[in-house]
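Please find below a colleague's note on the structure shown here. It is written for a reader who is new to such models.

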Amino acid sequence: MSKILFFLLIFIAIYLGWRSFRIRQIDSKKKEQASKQDFIMVSCARCGVYVPQSEAYENNGQYYCCKEHCHSNQSKDQ
Ligand SMILES: [Zn+2]
């Protein structure tokens, strides 16, 4: 009887180890996809500098490299 319990414990340990490995694999795939989205480069509508889309400031469908350029273009229109 104790042998059966021993093998059952080993089976559970292997299963839990495999499961956490799979979860980590899926997580790293998600992070990879997220970092690919980070890598879309957009150019600043004011100075033309390229910045990752995730770091760019968006205003009226145009991207800017920094807050100053975003606001300075706004004040021009007014
Ligand atoms: Zn700029």
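The numbered points below go from the overall fold to individual sites.

1. The model is predicted, and it should be read as such. The protein contains 2 helices and 4 strands. Along the sequence these elements follow the pattern α-β-β-β-β-α. Of the 78 residues of the protein, 13% count as buried.

2. Which residues coordinate the zinc ion? The ligands are Cys44, Cys47 and Cys65, each through its SG atom, together with His69 through ND1. The coordinating distances run from 1.9 to 2.3 Å. Along the chain, the donors of the zinc ion are spaced as C-x2-C-x17-C-x3-H.

3. The geometry of this site can also be classified. The 4 donor atoms around the zinc ion subtend angles of 99 to 119°. Four donors count as tetrahedral if all angles lie between 85 and 135 degrees, and the arrangement at the zinc ion is therefore tetrahedral.

4. Helix α1 spans residues 2-38, and Leu16 is found in this helix. Leu16 also belongs to a nonpolar surface patch of about 860 Å². Is Leu16 buried, partly exposed or exposed? Its relative accessibility is 45%, so Leu16 counts as partly exposed.

5. The structure holds 1 aromatic pair. The pair is formed by Phe6 and Phe7, whose ring centres are 5.7 Å apart. Their planes stand at 70°, and planes over 60 degrees apart count as edge-to-face, so this pair is edge-to-face.

6. Where is Asn60 placed? Asn60 lies in the loop between β3 (57-59) and β4 (62-64). Its backbone deserves a remark. Most residues other than glycine have a negative phi. Asn60, however, has a positive phi of about 50° although it is not a glycine. With a relative accessible area of 70%, Asn60 is exposed.

How values were computed: Residues are numbered from 1 along each chain as its sequence is written. This is a predicted model: local features need pLDDT of at least 70, side-chain atom pairs count only at pLDDT 80 or more; totals for chains, interfaces and linings use all residues. Side-chain values use heavy atoms; hydrogens and water are left out. Rings of Phe, Tyr and Trp (its six-membered ring) pair if their centres lie within 6.5 Å; planes under 30 degrees apart count as stacked, over 60 as edge-to-face and the rest as tilted. Donors are N, O and S atoms within 2.8 Å of the metal (3.2 Å for Na, K and Ca); water is not among the atoms, so sites may look incomplete. Four donors count as tetrahedral if all angles lie between 85 and 135 degrees; four count as square planar and six as octahedral if opposite donors are over 155 degrees apart and all others between 65 and 115; anything else is irregular. Patches are made of residues with over 30% relative accessible area and no salt bridge: like charges are joined within 9 Å, nonpolar side chains (Val, Leu, Ile, Met, Phe, Trp, Tyr) within 5 Å. Accessible areas come from the Shrake-Rupley method with a 1.4 Å probe; for residues, only the protein chains shown count as cover. A salt bridge is a side-chain nitrogen of Lys or Arg within 4 Å of a carboxyl oxygen of Asp or Glu. Buried means under 20% relative accessible area, exposed over 50%, partly exposed in between (1.4 Å probe, protein chains only).
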